[in-house]
Amino acid sequence: MNIKNRYRGLFIVIILSISQTLMGQEKLQIQTKTIVDTIPFELTSHNNISIKAIFGNIDTLNLMFHLAASSVNLTKKATKKTNSIHWDKQIDIGSWGGRTNSRFSKNNSLEIGKLNWDSIAVWEVENSGPTTGGKFGPNLFEGYFIEIDFDENYIILHESLPNKAEDYLKMKVFTAKGELFIQGTSTIEDVDYKNQFLIHSGYGGTLLFDDKFAAESKIGERIEIIEEKELRDSFGNVLKIKKGSLPKFSIGNIELLDVPVGFFEGKIGQQHKSVIGGDLLKRFNIIIAANREFIYLKSNQLKNIAYTQF
């Protein structure tokens, strides 16, 4: 090769290198521009996501980010310490445990990260995750891709799907009354059972099975039982609360082994939904699509840590 051709080749290599570097920087800048906000959170000892929120510019509270919630709730204990919220009336509302009266307040200002709302409705409730004074759901982040990064403890809101999603497992999300469900597979004695699970970051455990699944799979007879409690209602019906160890649980091609699970046995009918809780969710970095039709999962540094014992 003559000197002229050698320098021409070197020049082309340098140009390509510079071009690729500039393209990479441009791609990074474009992706960064789609970020609406980066919100720090604390992962509590009960596997809840706790985020600082400010009401009326004066009341600072820690709220639980509850993926199965659709309203802003404050506990009675927390509302005793707030000065900005004025209650309008009591309204009869339903919950998993039945019906109750709840105080209601409309047109409140709320600040989370850089986001502000000036007409938020607030409900008063009895409980929230330990160390939090209330909860809110993903509806406050409507229209945004929600990234939950458990490696760095940030919720990142995006205007478009971030490039990193290419390395994540993409799963279809099923919605019902604003709640998000994902398909999971429980393996018992080498038999696979597919079921839809409510994505429930307010529940601190791993998996809670619905009554129908527990009865039809006879799971109580087929897995190792770790703990069992027996309760009786006012009519003498026995309710057995059991905790066991599920040999394998899969979401797509991601597998988790020896997963603690809970279920009920007896004359019941209260647990209509199977649930994936915070102790399992925290093992993935998560991106929820803006249209809530897909969820993207990637195992993180928490995947193989010991499960929480409550």
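Asp-258 lies in strand 19, which covers residues 254-266. The model is a predicted one. Asp-258 is not a glycine, yet its phi is positive, about 50°. Is Asp-258 buried or exposed? Asp-258 is exposed, because its relative accessible area of 51% is over the 50% cut-off.

The largest nonpolar core has 60 residues. Phe-55, Phe-65, Phe-141, Ile-148, Ile-155 and Phe-249 touch the most other members. Strand 19 gives this core its largest share, five residues. Another core lies apart from it and has six residues, including Phe-145, Ala-165, Ile-287 and Tyr-296.

Take Phe-249 as a way in. Leaving aside residues up to four places away in sequence, Phe-249 touches Ile-254, Leu-256 and Val-259, among others. Its other contacts include Phe-197, Leu-207, Ile-276 and Leu-280. Gly-184, Thr-185 and Ser-186 are also among the residues it touches.

Six strands form an open sheet, in the order 1-11-10-21-22-12, and the pairing is antiparallel. Which strands are at the edges? They are strand 1 (35-40) and strand 12 (169-172), and each pairs on one side only. On average, neighbouring strands of this sheet are turned by 20° against each other, direction ignored.

Start at strand 1. Five bridges join strand 1 to strand 11, residues 154-158, and the two run antiparallel. Ile-35 stands opposite His-158 in strand 11.

Further along is strand 21. How many of its five residues are buried? Five of the five are, and the strand is mostly covered. Phe-284, Ile-286 and Ile-288 point one way from strand 21. Asn-285 and Ile-287 point the other way.

Three bridges join it to strand 10, residues 145-149, in an antiparallel run. Here Ile-148 stands opposite Ile-286. Five bridges join strand 21 to strand 22, again antiparallel. There Ile-287 stands opposite Tyr-296. Both Ile-287 and Tyr-296 belong to the six-residue core.

Strands 21 and 22 form a hairpin with five residues between them. Arg-292 sits in that loop, between strand 21 (284-288) and strand 22 (294-299). Arg-292 has a positive phi of about 60° although it is not a glycine. Arg-292 counts as buried because its relative accessible area is 13%, under the 20% cut-off.

Technical notes: Residues numbered from 1 in each chain as written. Predicted model: local features only at pLDDT ≥ 70, side-chain atom pairs only at ≥ 80, totals over all residues. Heavy atoms only, no water. Helix = DSSP H or I, 4+ residues; strand = E, 2+ residues; numbered from the N terminus. Buried < 20%, exposed > 50% of the residue type's maximum accessible area, 1.4 Å probe, protein only. Pairing = 2+ DSSP bridges. Axes fitted to C-alpha atoms, helices over the stretch in contact; angles between N-to-C directions. Core = buried A, V, L, I, M, F, W, Y, C linked by side-chain atoms within 4.5 Å. Contact = heavy atoms within 4.5 Å.
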